[in-house]
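Dear colleague,

I am handing over the structure we spoke about, and below it you will find my notes on what turned up in it.

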Amino acid sequence: MASPTPSGSPSEHADPRLPDGRLSLAAQSPAPALGPLDGRYRRQSAPLTEHLSEAALNRNRVHVEVEWFIHLCEHRVLPGLEPLNAERQAGLRSLVTDFDADAVAELAEIEAVTVHDVKAVEYYIGRRLEALGLERLTPLVHFGCTSEDINNLAWAVGIRDAVEQVWLPAARDLVDQLLAMAEQTREIPMLSRTHGQPATPTTLGKELAVLAFRLRRQLKRVTEQEILGKINGATGTYAAHIVAVPGADWQEVSRTFVEGLGLTWNPLTTQIESHDWQAELYGGIAQFNRVLHNLCTDVWSYISIGYFRQIPVEGATGSSTMPHKINPIRFENAEANLELSTSLLDTLATTLSTSRWQRDLTDSTTQRNIGTAFGHSLLAISNVAQGLAKLAVAEEVLAEDLEHNWEVLAEAIQMVMRAEAIAGAPGLDSPYERLKELTRGHRVDQQRLREFVGSLGLPDDAAARLAELTPAAYHGIAATLVDWARD
């Protein structure tokens, strides 16, 4: 695998000017970022580089190789092996803890010769064994391994840590923020709109709780996802292991090693770990993205009809030419980033689920986009959190909307008529049709509805319930339902 020109190091032969005479930006040092996650939005996405960048992948490869070396010694798998003392173990592990820019550069130099990234890691470690008094054991580095034995575990560790240490904490904080908003607004009545039309009222808190409940289900799915790994040779048969050391229990050595990395052992693979767990994980994150996208479109719409006011940010420009506007850019930005993330995650899941026969390399390039997929989701989460923090509820607008739509009580009236008719009250036939004639196609105010109810001859208790009913009070147990979002 050829080594690309390192990021930020333009070719020495790059022409500083383009054919049209403009200075070349790519020839500058450091070169500008091509993508927004490493440029405009680097601050938000930077935590992921610790786990999903090319440098992080190489550090994790070194980690897997070092731990495999220590594991083989610990289990005395080969004749003449003894467990390493604490000093030598610490020396080997320092290759991971002290992995830095110089290590990245050295690996790139080795890879330029080997034209193979994992082989470069093997040679990089081998160069350091003499200083640790382990030169005799240089052949033990990468023993019994195919590249994918190292790669699948390096990716698994990086993805696990990116999810647990970066993505999940940000996603959980956002859901907690949404739950707090739902709690604060659980009693605020709001007109519902089904198909965009006035419908049975709810509360603002209950509607926010629905979204929080949906998001929490996906977080649970992501949290519980198994992360699998394997180390079993060129085609998953331990063939070289058995020939080299027939007396060892190689399945047990493999299982204990993978589990020692904090992963779930996959006992049955081809040359590659089958990536099904990755597809499952990306499915959960993609569905979280879709629900969050739904939140963005709903909140955007509530802003557009005045249910939410956006709190001005001092010094910020809302519109370049219309000073009265505050554009809901946080939610719009989040929508776009969620769409990009979800598209990438869906592609990752689809591509990684298939490998021709025992191995093809479609997964190699594909997996290098995992960080980008996570980055756009993380950026969206950040934008939504900032957007929600700058919202204020316009309770008077919600109240006015309810007051202008008394016809939504038609549902309640016809259900009372049905119940009383079943109980034997006379004159309450065709309730739906009568309310349809009264309300469809024109506004009905409080007085007209009460005159209609008064003409029905309902029993006193039923008539009293309807007489007290208003659109603002007609939302059932919506406020209580908010509690389900926390369970």
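By class, which residues make up the lining of the second largest pocket? The lining has six nonpolar, six polar and four charged residues, where Ala, Val, Leu, Ile, Met, Phe, Trp, Tyr, Cys and Pro count as nonpolar, Asp, Glu, Lys and Arg as charged, and the others, Gly among them, as polar. A pocket here is an open set of points on a 1 Å grid over the protein atoms alone, where a 1.4 Å probe fits, with protein on both sides within 12 Å along at least five of seven lines, and lining residues have an atom within 4 Å of a point.

Please keep in mind that this is a predicted model, in which local features need pLDDT of at least 70 and side-chain atom pairs count only at pLDDT 80 or more, while totals for chains, interfaces and linings use all residues. Residues are numbered from 1 along each chain as its sequence is written, and side-chain values use heavy atoms, with hydrogens and water left out.

Of the 16 residues lining the second largest pocket, P198, E407, V408, A410 and T439 are the closest to its centre. Domain 2 (157-254 + 266-391) and domain 3 (405-476), with bounds from an automatic or database domain assignment, both contribute to this lining, so the pocket lies between them.

Turning to contacts (heavy atoms within 4.5 Å), F374 touches L48, L52, I159, V163, W167, L281, Y282 and I285, leaving aside residues up to four places away in sequence.

Best wishes
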